[in-house]
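Open the model in your viewer and keep the selection tool handy.

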Amino acid sequence: MDTAIAVVPMGLGHLRQVLDLGHQVFDTTIKPYTSWSLTAVAEHLDSPDNACWVALDSDRVVGFVLGSMEFEHRDDWAYLEWIAVAPDMRGHGIARRLVNVCSEALFARGARHIVTDVEDRNSASAALMTSNGFVPAATVTLLVRPNPAAPDDDAAALPPITKRDLVRRGRLSIEHPLR
């Protein structure tokens, strides 16, 4: 573990670096209903849950975790939604520290369970989560049916759908937002 890396609550001053690091490391085309955006980060930062943390090497954000006390319609379940570590800083125990501090904050807020999801090809994240006490609970497979009359497109190239898009279309309640 690299003790020179400080893990601190995420603040407004970290926003640009968190957003940039997420754009660098996340492939949102894998799950077309997931988006990485300023809105996604700001919604977490605006939450009272104290579940957003950054790992700092001096003043550089080298990792972050974004969690919340909102998971679907369960008030007592939390969601660890986003975690990232800069590629040049992996292998220093940063992700483990971020998962632990976020989990501790969510349990302190009253979470009975914390949910996270990992794309099935992301074995490093799956190993991280299982080594931190997460256990497989459900498997969901995204099935895509292409239009046979449309040009042959790769289903992974679908644009992500944001929560804002779903709210605008009436498919997501503002009172019970999807996280």
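Start by selecting helix 3 (residues 94-108) and helix 4 (residues 123-131), whose axes come within 10 Å and cross at roughly 50°. Here axes are lines fitted to C-alpha atoms, for helices over the stretch in contact, and angles run from 0 to 180 degrees between N-to-C directions. Helices (H or I, at least four residues) and strands (E, at least two) are DSSP runs, numbered from the N terminus. Helix 3 and helix 4 are therefore oblique to each other; angles under 35 degrees count as roughly parallel, over 145 as roughly antiparallel, 65 to 115 as roughly perpendicular, and the rest as oblique.

This is a predicted model, in which local features need pLDDT of at least 70 and side-chain atom pairs count only at pLDDT 80 or more, while totals for chains, interfaces and linings use all residues. Residues are numbered from 1 along each chain as its sequence is written, and side-chain values use heavy atoms, with hydrogens and water left out.

Which residues make the contact between the two helices? Show Ala95, Arg96 and Val99 on helix 3, and Leu128, Met129 and Ser131 on helix 4; contact means heavy atoms within 4.5 Å.

Next, click on Asn132, in the loop between helix 4 and helix 5 (163-168). Is Asn132 buried or exposed? Asn132 is buried, with a relative accessible area of 18%, where buried means under 20%, exposed over 50% and partly exposed in between (1.4 Å probe, protein chains only). Leaving aside neighbours within four places in sequence, Asn132 touches Arg96, Val99 and Asn100.

Now colour the largest nonpolar core, which has 40 residues. Such a core is a set of buried Ala, Val, Leu, Ile, Met, Phe, Trp, Tyr and Cys residues joined through side-chain atoms within 4.5 Å. Phe64 and Leu80 have the most contacts inside this core. Elements that each supply at least two of its residues include helix 1 (15-25), strand 3 (60-68) and strand 4 (77-85), but helix 3 gives the most, with seven.

Centre on Leu80: beyond its neighbours within four places in sequence, its contacts include Val99, Cys102, Ile114, Met129 and Phe134.

Finally, zoom out to see five helices and five strands, following the pattern β-α-α-β-β-β-α-β-α-α along the sequence. Buried residues make up 36% of the 179 residues in the protein.
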